[in-house]
Amino acid sequence: MYTWDATTFTTTPSAISVFTAGTRVYAAEYENYIFFGNATGTPYKYGGTSDTFTRHGVPQATSGLTAATAPTGTALTGDYQYKVTFVNSNLVEGDVSEATSTQTAASENIRLTGIPTAPQSHGVSSRNLYRTEAGGTTFKRLTTISDNTTTTYDDAIADSALGVTAPTDQGEPPNYSAIIYHQGRLFCIDPSDNLVKYSEVGNPYVFKATSFLRIGDNSADTPVGFGIYDNSVVVFCAQNPWIIYMPSTDDADWAVLRVRANFGSQSALGAFKFESKLMFPAVQNDKFVGFAALQGQTVSPSATILTSTSLGSELQSEKIEPDIFDIQEGQLDNIVSLVYKNKAYICMTKGAGNTANNRIYVFDFSLGRISSTKMPSWSPWSGINASAITVLDGDLYIGDSAATGFVRQINTTNYNDDDAAINSYVWTKEFSGQPGEENLQKDFRWANVFYERAGSYNMDMTTRANSSQGSGYTDQIDLDPGGSNWGTMRWGLDNWDPGEGDGEIKKSLGAFRGKRIQFKFSNQNVADQRFKIYGLNFTYNNKGLR
C-alpha cells in the first residue's frame, strides 16, 4: 500500500507484499480506519500515517502458555487453569486461547511462562490473562499485560479479586471480497461459502459465528456486491438483487427480501446512487444488458414482511445500447463507478479481445435540476484506462488499468489534452415526429434549443435529414452569457453583471424536407470550449406519404 503525500506516493512498510498483484482489493471506511480485503488473503486495516497496516480482526491467541508453582508466594490453594487473549489498540479482544493443563497449588503462587506474543502484523498492543477460581470452570479476568513482549507472570490474585468473565465468540472477519458500511456495522461477502457476514454494532473487528445471512440460492444466484438504498443494504446477486431491510440496528428486526427485478449483476463495484435511485450494471440470463436503476419506496413492515418494500428496477442505458452490446462480458467484475458533481463516471472494458478497462461512460443526471422532464445523458470517453476512480481534495483521479502504476488526475479545469483541442460533439438520434407520422414526408421548420451560456464563443449546430451521410447544414449558436465573465472583471474599472447562465433560441431549419431529422452539436474543435444542451424540440409540417 502507498499513501499520497502532497507530491509523491510513500510506501507503507508494513503493507509490503501483503496482497497479490493483479487481484482486486476491496475497501470500506469506518471509525477513521480503512478495511481492506481481496477475497483470498487475510484482510487488513489502516488508520493513517501514525498507524501501521495490521490485520482487520484480532486473532485468537496461540497455545504455549504453561503454569507451574512459583518459587515464592502463598496466595493460592486449589486447582487452576489459565487462558489468554490478544487485544488490539482499540481495546478489542480476540477469542481466548486453549486452556492450560490444571495446576494445583497449596498455599503457593503460580508462575505463568510462555505467554504468547503476536507478530506486528496482528496489531496486538496488550493481552488479557484469565483464570478459573479454585476448582471452577469459568474463566475470569486475572490481569492485563499492557505490552506485546512480556512472556512471564506470577499469579498471586485471590479468587474474590478476579474480574469479568472471558469473552466468547470474538471471531475474526472472513477473507472477504466486497465490503460496505451501514448502520454501525460492516457487511461483507465471504466467497468461501457465499454468505453475507456482518460485524457487531460499533465494533468492526468482531464477526460472531452466528452473524451471517444466506442470500440467494448459494449456487447460481450468489452475492457479488453491495449498495445502500434508503435504510436498507442492497445485495447484488448474479440473478437478482436482494435487500436487507433494517428498521433498527438489532439484527432480529431485519428482513431479507428479493427485489422485483429481472436483472442480476456480476460487478461488485459498479453500483452508484443518483437522484432517488440506485444504478447497477445488469445481467439477464448471464448476459450483460446495460444499467438498471432500483427505485421505489420502503415502508415500515406490518404483519407481513411483504409490505416492507416496493422496490423495482428499470433499464437506464437504452441511449448507448450499441456500445452496451460491445462491453466485454468476461470483464464485468472490472466495472467501477463513482459519482462526482452530479455525474456518474463508469469505467468499463469495451471491444473484443480487451481485458482491461478502456472506456469511461459519463452519466450526467444534473439536468434533472433544470426540469423534471430532462433526461440524464450519456457521454463516452475513450483513451482513458481506469481500473479505479476516486476523489481527493475535490479533484477526480483514476488508477491506470494497465500495469503502469500511474494515478492520473482527470476532468481538470481545461477542456483540452496536451494543448490540442478535443473534437467534442454529439449526434442525437433520428427523430421521425409524432406517433403515426413516421412515414410522412415533412417540412422541418424550426428548432428550439435550450442550452447553457458557457462562454464567449460559438457552438455549432448541424442538421441533416433521412440518414444522410453528408456533413449536413451547420449554423452557430452564441454561448456568450453577456455581462462580465467570471474571472475577467477588473475591480474598480468594470461594472459587474453576471449575465445569463442559460439560453433558449429558436433557429430556422431552412428548406429541410424528409421523414426523419437529426441534430449534431459541436465545440467547433476548439480548445476550452465546452457546451451543454438541456433540451431540444422542433416543429414541422406534414406533406404526405411521397
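Start with the cysteines: a search of the whole structure turns up zero disulfides, a disulfide being a pair of cysteine sulfur atoms within 2.5 Å. Select C237 and C347 while you're here. C237 counts as buried because its relative accessibility is 1%, and C347 is buried with a relative accessible area of 0%. (Buried means under 20% relative accessible area, exposed over 50%, and partly exposed in between, with a 1.4 Å probe and protein chains only.)

Some ground rules before moving on. This is a predicted model, so local features need pLDDT of at least 70 and side-chain atom pairs count only at pLDDT 80 or more, while totals for chains, interfaces and linings use all residues. Residues are numbered from 1 along each chain as its sequence is written, and side-chain values use heavy atoms, with hydrogens and water left out.

Now colour by pLDDT, the predictor's confidence in each residue, from 0 to 100. The chain averages 87, and 89% of the residues score at least 70. Then select residues 297-314: here the pLDDT is below 50, and the stretch has 50 contacts in the model beyond near neighbours in sequence (contact means heavy atoms within 4.5 Å). Where pLDDT is low, the predicted coordinates should not be read in detail.

On to strand β37, residues 441-452. (Helices, H or I with at least four residues, and strands, E with at least two, are DSSP runs numbered from the N terminus.) How many of the 12 residues in β37 are buried? The count is 10, so the strand is mostly covered. Now bring up its partners; two strands pair if DSSP finds at least two bridges between them:

- β43 (533-544) pairs with β37 in the antiparallel sense over 10 bridges; look for V449 and its bridge partner L536.
- β40 (502-508) is also antiparallel to β37, over seven bridges; here E452 has D502 as its bridge partner.
- β41 (513-514) runs antiparallel to β37 and is joined to it by two bridges; D443 stands opposite R513.

For the next stop, select β36, β42, β38 and β39. In that order, these four strands form an open, antiparallel sheet. β36 (425-427) and β39 (473-478) are the edge strands, each pairing on one side only. β36 and β42 pair over three bridges, and V426 has F521 in β42 as its bridge partner.

Last, two loops. Between β24 (277-284) and β25 (287-295) you'll find D286, which has a positive phi of about 70 degrees although it is not a glycine. D286 counts as exposed because its relative accessibility is 52%. Then jump to Q524, in the loop between β42 (517-522) and β43. Its phi is positive too, at about 65 degrees, and Q524 is not a glycine. At 24% relative accessibility, Q524 counts as partly exposed.
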